[in-house]
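Please look over the sequence and the model shown here.

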Amino acid sequence: MIFLPHLQKRFFHTLPKFRTFCSYSYVRCRIRTVHTLSNNGFIDFFDSLLHHCVSSTNGSCNHERPVKQIHAQIILTSSLYSSAFLSARLISSYSKLSLLNDARKVFDNSPEDCFFSSLFWNSMLRAYVSDFRYENAIQLYRRMREFGVQQDGFGFPLIIKACAMRGDVRLCRSVHCHVTQMGFRNNLHVNNELVGMYGEIGRNEVALQVFDRMPLRSCVSWNVMISGFTKNHDSEGAFAIFSRMENEGWEPNSVTWTSLLSSFARCRFRDKTWELYVSMREKGVCATAESIAVVISVCDQTPIRGSIVHAHVISAGFEKYIFVRNALISMYGKNGDVEKAEYLFSGIESKSIVSWNALISAYAQSRLCDEALSAFLRLNSTARPNVVSWTAVINAFATSDKHKPTTLELFRNMQFARVSANAVTVATVLSVCAELSALPLGREIHAHATKKLIDSDILVKNGLINMYMKCSSLRKGYSVFEGTICKDVISWNIMITGYGIHGLGKDALGIFHRMVSEGIKPDEVTFVAVLSACSHSGLVAQGDELFEQMNRVFRIEPKIEHYACMVDLFGRAGLLDEAGRVLKSMPMEPNVHVWGAFLNTCKMHENTDFAEEICSRIFDLETEGTMGSYMLLSNLYAANKRWDQSADVRLSARKRGLKKIAGQSWI
């Protein structure tokens, strides 16, 4: 098919002309030679010319105009415009310039012959996938099948990626069937994408089946398999594939190590992540800036490790990477070393909004509300704060006991600034509503979340359940809980805690047993919640049985918090001997909270003999919490009309410079 000059009107209202272009003379000289070329030479010529335009690195050039000029010259001078290859190159060129509409014009108005070429279709598929327009890519693939064009090993990876990002399981299975039917089940690149696709949609068991059936694997195959487990927070699965990779003689590269480190870091297994980092360095694997950033993220509770990694950052020259500096700022902020965070921030020449957010979060972690607000206002004077900025400063006030009402004011200002809150923001504000028992405002936040279509997010769901339960709206809390499709362990823990604080121990136990029957594994927090619920409801036998099952059935080693619950459980029931037995059986030294729980039971049952012995132990600990113990012992003496001893205890507390913090007690 021969293209005539009038066909330019399909693409342009007027014929584009060069005005400013860095290689104008180059293009003009090359175009003059077009009439002396053969057909193949013509295709190569324009291919080279388009490549020259889109790959130019001169930032002052307007790339769009010269590409359109070349496009026009092709229409005016070419009898080979029906070349699928040349059409594909035009689509690719427009795509690289983010001109998707122009690329689609080329596609729709190309000659009929082009539509029988998979290369032609793949160029448009790649344009959509590169621009994250996955739905358009899938629709184009359906149209391709209607034309009867068979996909190849270059196009299938594109459509597989589009299906993976769409997240439709049935669609993913259909494309997998097409791959098998078309005979690409042994294609390395297609199989790598299939493994990645199933990992992306959370079907690691299917991804592993595809991986195991691959007749040929590359290092990329192993990395994609590990990455699938990482995305689904399955660190054990990721490590199993890593170990298998080494056992089969493969050498993990820096990408492999980064993915493995990420799998444990995402699960907050700090010690294991650190061990892997040390192992990686011992094996001589060169760390990447990305892997270093991952390791920095798990050093937020160990300042020594953070200093070691920081030294590695300096020696390896990773300080030039702004995302590494941002990670260091965040780490030092979580470790309470605000000075170092400020120093790193001041060393950034071109501060991005991510850097500002890291600094604000650093202040928030240290509960420096004024400093966080000051940094936020400085950011506001230079750039528009985004949702992360607002969330960081809101969180700073939310974690402060004195400034919680300011949190709600900041949230209102965020709405006035027309910044849409995300799930983290809403969950933070809901936690403040729960602490302040602000049920009406909590309902407003619930309505806001529903309006913004974020009420289905698990963070928001858990925040709503917590708010309603703590505000004594138990029916509404249970309703939200039942409406949560994908409940996590936190959802169950909140329900158990909510019933427990209202003295509904049997309901808390019912939720616990339902949790276990539905296959959700309880964690340490679950047992603290359920044991506390039993304690406040007098369910001694049930609580004792659960404590015995912790290690035997659920393989959870009791910690000091669980022993404190058991002391409180027996103590409230008046079984002081049993409480003493628990104290003696503890594998660790009781802390002030355990002794405080026992002391509180002594006060409840007016047992001064036990109380005096316990207080002597608490006073030896010399912690800030001992003031509550002084008050309890003084009140216990007063209840038994031992006024002189009550006065002596209070006088002793004053001599030690202890003061009662308002609102704080052992109860």
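What covers the buried residues of H12? The cover includes helix H10 (188-200), helix H11 (204-213), helix H13 (235-247) and helix H14 (254-266). Helices (H or I, at least four residues) and strands (E, at least two) are DSSP runs, numbered from the N terminus. Buried means under 20% relative accessible area, exposed means over 50%, and partly exposed lies in between, with a 1.4 Å probe and protein chains only.

Before going further, the basis of the description needs stating. This is a predicted model, in which local features need pLDDT of at least 70 and side-chain atom pairs count only at pLDDT 80 or more, while totals for chains, interfaces and linings use all residues. Residues are numbered from 1 along each chain as its sequence is written, and side-chain values use heavy atoms, with hydrogens and water left out. The pLDDT is the predictor's confidence in each residue, from 0 to 100.

The chain has 667 residues, and buried residues make up 50% of them. Its secondary structure comes to 37 helices and zero strands. Contact means heavy atoms within 4.5 Å. Among contacts between residues at least 6 apart in sequence, 61% join residues at least 24 apart.

Back to helix H12, which covers residues 219-231. Its 13 residues should span 18 Å at 1.5 Å a residue, and its end C-alpha atoms are 18 Å apart, which agrees. The expected span of a helix is 1.5 Å times one less than its number of residues. Buried residues in H12 are Cys219, Ser221, Trp222, Asn223, Met225, Ile226, Gly228, Phe229 and Thr230. Just after H12, His233 takes a positive phi of about 55°.

How do H12 and H13 pack, and at what angle? The angle is about 160°, with the axes 8 Å apart. The two helices are therefore roughly antiparallel to each other. Axes are lines fitted to C-alpha atoms, for helices over the stretch in contact, and angles run from 0 to 180 degrees between N-to-C directions. Angles under 35 degrees count as roughly parallel, over 145 as roughly antiparallel, 65 to 115 as roughly perpendicular and the rest as oblique. H12 passes H13 in a left-handed crossing. A crossing is left-handed if the near helix is turned anticlockwise from the far one by less than a right angle, and right-handed if clockwise. On the H12 side, Cys219, Trp222, Met225, Ile226, Phe229 and Thr230 meet Gly237, Ala238, Ile241, Phe242, Arg244 and Met245 in H13.

Another pair is helix H17 (residues 303-316) and helix H18 (residues 322-334), whose axes come within 11 Å and cross at roughly 160°. That makes H17 roughly antiparallel to H18. The crossing of H17 past H18 is left-handed. Here Gly306, Ser307, His310 and Val313 in H17 meet Val324, Leu328, Met331 and Tyr332 in H18.

Helix H28 (residues 489-501) has 13 residues and reaches 18 Å from its first C-alpha to its last, close to the 18 Å expected at 1.5 Å a residue. Its buried residues are Ser491, Trp492, Asn493, Ile494, Met495, Ile496, Gly498, Tyr499 and Gly500. They pack against helix H26 (458-470), helix H27 (474-482), helix H29 (505-517) and helix H30 (524-537). Gly503, with a positive phi near 75°, follows H28.

Two single residues show links across the sequence. His71 lies in helix H3 (residues 64-77) and counts as buried at 1% relative accessibility. Its C-alpha is 9.6 Å from that of Val106, 35 residues away along the chain. Cys172, in helix H9 (residues 169-181), is buried with a relative accessible area of 0%. Beyond its neighbours within four places in sequence, Cys172 is in contact with Cys163, Ala164, Met197, Tyr198 and Ile201.

Some loops hold a positive phi in a residue other than glycine. Arg268, with phi near 60°, lies between H14 and helix H15 (270-282) and is partly exposed at 36%. Ser437, with phi near 55°, is found between helix H24 (423-435) and helix H25 (439-451).

Finally, the confidence. The mean pLDDT of the chain is 83, and 79% of its residues reach 70 or more. It stays under 50 over residues 1-29 and over residues 663-667. Where pLDDT is low, the predicted coordinates should not be read in detail.
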